[in-house]
Amino acid sequence: MENILQLKVGSIYYIEWEDHWACSGWYFNGSVKEDLEPSVIKSIGWVVGESEAIVRIAGTIAESGGVNQTMNIIKKCIINAYELKGIE
């Protein structure tokens, strides 16, 4: 199934997305069946790359073109994406 979400490279976005999570501790008394919902994460960043499946955002960009604090988000996990206007 093709993902039609298209974000503009160079623009800044507020993105809400569902994340996987893990626990390295023990579960007891049936508690392993609790909390079976994905974590909803909120991220803001400049779109610096995109494919059909992934959007890459950066939290920091330099005037020289360098980027830092990059994160890949799987597009199928994105709940909402809002372009933030007026930010250069």
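**Entry 1: a hairpin.** I started at the hairpin of S3 and S4, which has five residues between its strands; there Gly65 takes a positive phi near 105 degrees. Strands here are DSSP runs of E with at least two residues, numbered from the N terminus.

**Entry 2: ground rules.** The model is predicted, so I note that local features need pLDDT of at least 70 and side-chain atom pairs count only at pLDDT 80 or more, while totals for chains, interfaces and linings use all residues. Residues are numbered from 1 along each chain as its sequence is written, and side-chain values use heavy atoms, with hydrogens and water left out.

**Entry 3: the sheet.** I looked up the strand order. It is an open sheet of five strands, S4-S3-S2-S1-S5, with antiparallel pairing. S4 and S5 stand at the edges with a single partner strand each, so one side of each has no neighbour in the sheet. From one strand to the next, the twist averages 40 degrees (axes are lines fitted to C-alpha atoms, with angles from 0 to 180 degrees between N-to-C directions).

**Entry 4: strand by strand.** I then went through the pairings (two strands pair if DSSP finds at least two bridges between them).

- S3 (residues 54-61) and S4 (residues 67-74) pair antiparallel over seven bridges. Arg56 has Asn72 in S4 as its bridge partner, and Thr60 has Asn68.
- S2 (residues 39-50) is joined to S3 by four bridges, again antiparallel. Glu50 is bridged to Val55 in S3. A hairpin of three residues links S2 to S3.
- S1 and S2 run antiparallel and share eight bridges. Trp17 has Ile41 in S2 as its bridge partner.
- S1 and S5 are antiparallel too, with six bridges. Ile12 stands opposite Leu84 in S5.

**Entry 5: aromatic pairs.** I searched the whole structure and found two aromatic pairs. Rings of Phe, Tyr and Trp (its six-membered ring) pair if their centres lie within 6.5 Å; planes under 30 degrees apart count as stacked, over 60 as edge-to-face and the rest as tilted. One of the pairs is Tyr14 with Tyr82, which is stacked, at 6.1 Å centre to centre and 25 degrees between the planes.

What does this pair tie together? Tyr14 lies in S1 (residues 12-19) and Tyr82 in S5 (residues 78-84), so the pair ties together parts 68 residues apart in sequence.
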